[in-house]
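Let's take a friendly look around this model, one region at a time. Have the viewer ready.

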Amino acid sequence: MKKETEQGEKMRNEWLREIKRIVLVIVASCIIAVNIKSFIHAGNLIPGGFNGITLLVQQIGMAFWGVEIPFTLVNFLLNIAPAVISYKFIGKKFTGYSCLLIVLSGILTDILPEYPITDDVLLASIFGGIIYAFAASLCLFADATTGGTDFIAIFFSEKFGVDTWNYIFAANVIVLLIAGMLFGWNEALYSIIFQFTATQVLHLLYKRYQKQTLFIVTEKPDQVYEKIKNITNHDATLFKGTGCYLNQECNMLYSVVGSDEIRKVVSEIREVDEKAFINVMKTEQVTGRFYKRPND
């Protein structure tokens, strides 16, 4: 009976998690579409990723051939190859929810009317970037993505343990150089402001692929280690040393955890040993065995 109750609870939690993911994806899709039809179109901006390439293709079609190319069609075709890579290496559900967002945001972008909120291009660049980062973070919290270059960024983050968002920003600048040569440099330069704002805000909102190194001097290494393991599923290394001030033997635990876990880990360590000395350092890259929570 107890086993059946636990299984039922597990199924309910799984269903709630999937419902939460769907809701977050739908909300993010709406925000992305509204952002494109308001701030991005108001400033003639080229956002990051394949959304930006799609808008650039639309602009080229209209400027040179007088053809209005559907946003959904171009964005879907661009995302086929990255989606296949994501399906194979990142996760089936992750890719499925990401494709749902790609299709839904594309359809909404095609059908929603334009609603420019401001005619100030700088304001459109800054606030458009902030809103885009918020929508992208909702996707990531739902274990999905906006597609395109985000698929690629997450693939490299998963495979090599590095934070690649700034590298993606650099790649997006190349797209903007093309836009600048074709349509003028003002909008291209403002688009760099948009992308820089989005990248930095996303960096603040979503920390899963960022790492922190913990050095913990404690009198209770076993209990502290249990907290680290239970919260993060990561290991730790115990060093024996001598405190120079009191000339007493001391214990130092070394561990690397995700930046999104650090606050809870430190709080739990304080409950176990309120006198623990904790040094938190930013980690640029991790290689070797490091547990990653599955996207699915």
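## The nonpolar patch

In this predicted model, helix H7 is the element that gives the most to a nonpolar patch, with five residues. Helix H2 (49–65), helix H7 (165–183) and helix H8 (185–205) each supply at least two of the patch residues.

## A look at Ile-178

Is Ile-178 buried, exposed or partly exposed? Its relative accessible area is 39%, so Ile-178 counts as partly exposed.

## The open sheet

Now to the strands. Four of them form an open sheet in the order E2-E3-E1-E4, with antiparallel pairing. At the edges are strand E2 (237–243) and strand E4 (277–283), each pairing on one side only. From one strand to the next, the twist averages 25 degrees.

Strand E1 (residues 211–218) runs antiparallel to E4, and seven bridges join the two. To find your way along this pair, look for Lys-211, which stands opposite Thr-283 in E4.

## Helices on the sheet

Helix H9 (residues 221–232) packs on the sheet, where it touches E1, E2 and strand E3 (248–258). The direction of H9 makes about 0 degrees with that of E3.

Helix H10 (residues 262–272) lies across E1, E3 and E4. Relative to E4, H10 runs at about 165 degrees.

Methods:
Residues numbered from 1 in each chain as written. Predicted model: local features only at pLDDT ≥ 70, side-chain atom pairs only at ≥ 80, totals over all residues. Heavy atoms only, no water. Helix = DSSP H or I, 4+ residues; strand = E, 2+ residues; numbered from the N terminus. Buried < 20%, exposed > 50% of the residue type's maximum accessible area, 1.4 Å probe, protein only. Pairing = 2+ DSSP bridges. Axes fitted to C-alpha atoms, helices over the stretch in contact; angles between N-to-C directions. Contact = heavy atoms within 4.5 Å.
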